[in-house]
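Hi,

Here is the structure we talked about. Please open it alongside this note; my findings follow below.

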Amino acid sequence: MTFGDRLDAIAATRGRFCVGIDPHPELLTAWGLPDDAAGLDRFAGSVVDALGERIAVLKPQSAFFERHGSRGIAVLERTIADARSAGALVLLDAKRGDIGSTMQAYADAYADPRSPLQADAVTATPYLGFESLRPLLDAAARHGTGVFVVTLTSNPEGAEVQRAVPPEHGGAATVAGAILDRIRAENAASGAGTVGAVIGATVGDVPADPDVGGPLLAPGLGAQGGTPAELRKVFGAALRQVLPSSSRQILAAGPDRHGLQHAAAAAVESCRLLLESA
């Protein structure tokens, strides 16, 4: 099965929703945990224990594990393995982007089943040129994993690149629009529909058709100000392809297991009603 197939299958039973595992130092403190690898391990393990059998997609943010060095990476490896063993799909939020052999090394790390860091999907940044992602895109196609390409983010700094007009735009009004075109063409060529786009839930207008023939990760619900109702404004007719994502709003309900489960269930239900109405 392709990543797209697996996402559709698990969403049919668990709902189409993603919960981020973002162990901010502030959250570790709020949970009464030390800001070290041991605290990180307890935090990530508690989230997987509470949600791994309930939520369709869990999204560890790699940077918050990397900040603890090799012990943090070891926790990330365990988190990926435990979440997948619990039946959740793992989307590793690494936002890697490079060229040549370096991009191939990232592909080996995140898409190859021989790697302990292999996830079901990974985020990638295309701003060294979309074709620079080719090693990762090809590896993902071979191994049945997904790639979510960062396209249009809600941070104000993103606009200077993402909303810029490309010099040879070929019909695309902005750089983000050109990226959407490339993702759409990639999915059309493969027929798999497993290359997705990352479009923030609070971006407002999308300067191109967001329907890329693959999933649309929409981070920013909850603590970043996004609401399920805004998803309709942002994605329009492509709403059924959206994978809504929330992190801090749900994680703030921990460390109590039932608190995490209740917060996640409420978020899933609020988005389910919206997505089913599309």
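Start with helix H7 (residues 134-143). Its buried residues pack against helix H6 (100-111), strand E4 (121-124), strand E5 (146-152), helix H9 (175-190) and E6. Those buried residues are Pro135, Leu136, Leu137, Ala139 and Ala140. Just after H7 comes Gly144, with a positive phi of about 75°. Keep in mind that this is a predicted model.

Next, the strands. E6 (residues 195-199) runs parallel to E7, and 2 bridges join them. Ala197 stands opposite Leu216 in E7. On to strand E8 (residues 242-246): 4 bridges join it to E7, and this pair is also parallel. Here Leu221 stands opposite Ser246 in E8.

How many of the 6 residues of strand E7 are buried? The count is 5, so strand E7 (residues 216-221) is largely enclosed by the rest of the structure. Buried here means under 20% relative accessible area.

Now the nonpolar cores. The largest has 73 residues. Phe43, Leu51, Leu58, Ile199, Leu231 and Phe235 have the most contacts inside it. Helix H12 (residues 257-276) supplies the largest share of this core, with 8 residues.

Leaving aside neighbours within four places in sequence, Phe235 is in contact with Ile199, Pro210, Leu216, Ala218 and Val242.

Best wishes

Technical notes. Residues numbered from 1 in each chain as written. Predicted model: local features only at pLDDT ≥ 70, side-chain atom pairs only at ≥ 80, totals over all residues. Heavy atoms only, no water. Buried < 20%, exposed > 50% of the residue type's maximum accessible area, 1.4 Å probe, protein only. Pairing = 2+ DSSP bridges. Contact = heavy atoms within 4.5 Å. Core = buried A, V, L, I, M, F, W, Y, C linked by side-chain atoms within 4.5 Å.
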